[in-house]
Amino acid sequence: MINAAAGVLLNKLLSSFRKSIWAQVNKSSMLAPQENRVMALGEWEERWQEDRIGFHQPQVHKMLEDNVDKVVDGRTGVRFFFPLCGKAVDMKWLADMGHSVVGVEISEKAIKQFFEENNMTYSEEPVPAIPGAKVYKGSERNISLYQCDLFNFSSSIGGQFGAIWDRGSLVAINPRDREKYANLIISLMAKDCRYLVDTLLYNPELYTGPPFLVPDEQLPSLFGNSCDLKLLTSVDSLNERQRGWGLDYLTENVHLITPKSI
């Protein structure tokens with residue numbers, strides 16, 4: 001006969017198992033409407049050429065402002081990585097604090113606009129390891145922006161980083177490429193890296209993306225084997241632009257992801 005303590009433990013295990021199964025089923029059902037949605041690199045370049053860049057914010061992102069101390073964590077001169085950086089003003093904001101910034105962006109126009117709009121001069125060099133790629137280096141601040149396909153970038157080219165700010169990258173990557181993306185990000189993380197990622201929750205039946213839905217349940221499957229995850233902030237971010245997409249709710253979540261201690 002199972003004693004009371006064993007029975008309680010068994011019930012807890014069964015409950016945990018049911019929750020795990022439900023999370024997987026729930027995740028699959030949420031991802032299904034967008035799983036085959038693909039944005040080609042050329043489409044992103046077209047958006048920049050045609051100034052269809054409603055995703056760009058002219059001010060420092062509030063989620064970064066609110067959580068930058070948790071990312072910097074008392075360190076100075078942190079190397080920040082910006083995947084799919086666009087012309088984010090966040091990069092200059094961090095560089096002005098004394099941090100260094102490396103970004104990757106497919107649009108040459110976006111990179112040049114970043115330097116021009118911030119009244120910064122820059123140099124331009126080829127990247128021998130990536131045919132056709134260029135790196136633009138700021139003269140006044142320690143900012144280097146690589147113009148290339150993100151998946152052609154690697155730690156052998158840019159090294160590893162003490163911090164990553166992912167405001168519009170994971171949500172822009174084609175859903176079928178997320179495991180590949182997570183593996184790249186993990187490979188770029190130094191042992192003390194603090195990765196801040198901004199994700200969006202909404203009804204994918206109402207909008208095909210991008211930005212794409214990234215369920216909280218998916219993050220552990222992408223990063224959980226080698227990293228610890230912590231939800232820092234969750235806010236209602238629905239505005240008129242998203243209502244125009246047909247959405248009836250939009251939740252913005254910010255997670256802090258750090259390498260597990262060995």
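1. In this predicted model, a search of the whole structure for disulfides returns zero. The cut-off behind that result is a distance within 2.5 Å between two cysteine sulfur atoms, and the two cysteines discussed below can be read against it.

2. Cys148 takes part in no disulfide, and the cysteine sulfur nearest to it, which belongs to Cys85, lies 9.7 Å away. Because its relative accessibility is 6%, Cys148 counts as buried, the cut-off for that class being under 20% relative accessible area.

3. Cys193 is likewise in no disulfide, with the sulfur of Cys227 as the nearest cysteine sulfur at 8.2 Å. Cys193 has a relative accessible area of 1% and is therefore classed as buried.

4. Turning to the strands, strand 3, which covers residues 122-126, runs antiparallel to strand 4, which covers residues 134-138, and five bridges join the two. Within this pairing, Tyr122 has Gly138 of strand 4 as its bridge partner.

5. Strand 4 is also joined to strand 5, made up of residues 143-147, by four bridges, and this pair too runs antiparallel.

6. Which strands does strand 4 pair with, when both sets of bridges are taken together? Strand 4 is bridged to strand 3 and to strand 5, with an antiparallel arrangement in each case.

Note on methods: Residues numbered from 1 in each chain as written. Predicted model: local features only at pLDDT ≥ 70, side-chain atom pairs only at ≥ 80, totals over all residues. Heavy atoms only, no water. Pairing = 2+ DSSP bridges. Buried < 20%, exposed > 50% of the residue type's maximum accessible area, 1.4 Å probe, protein only.
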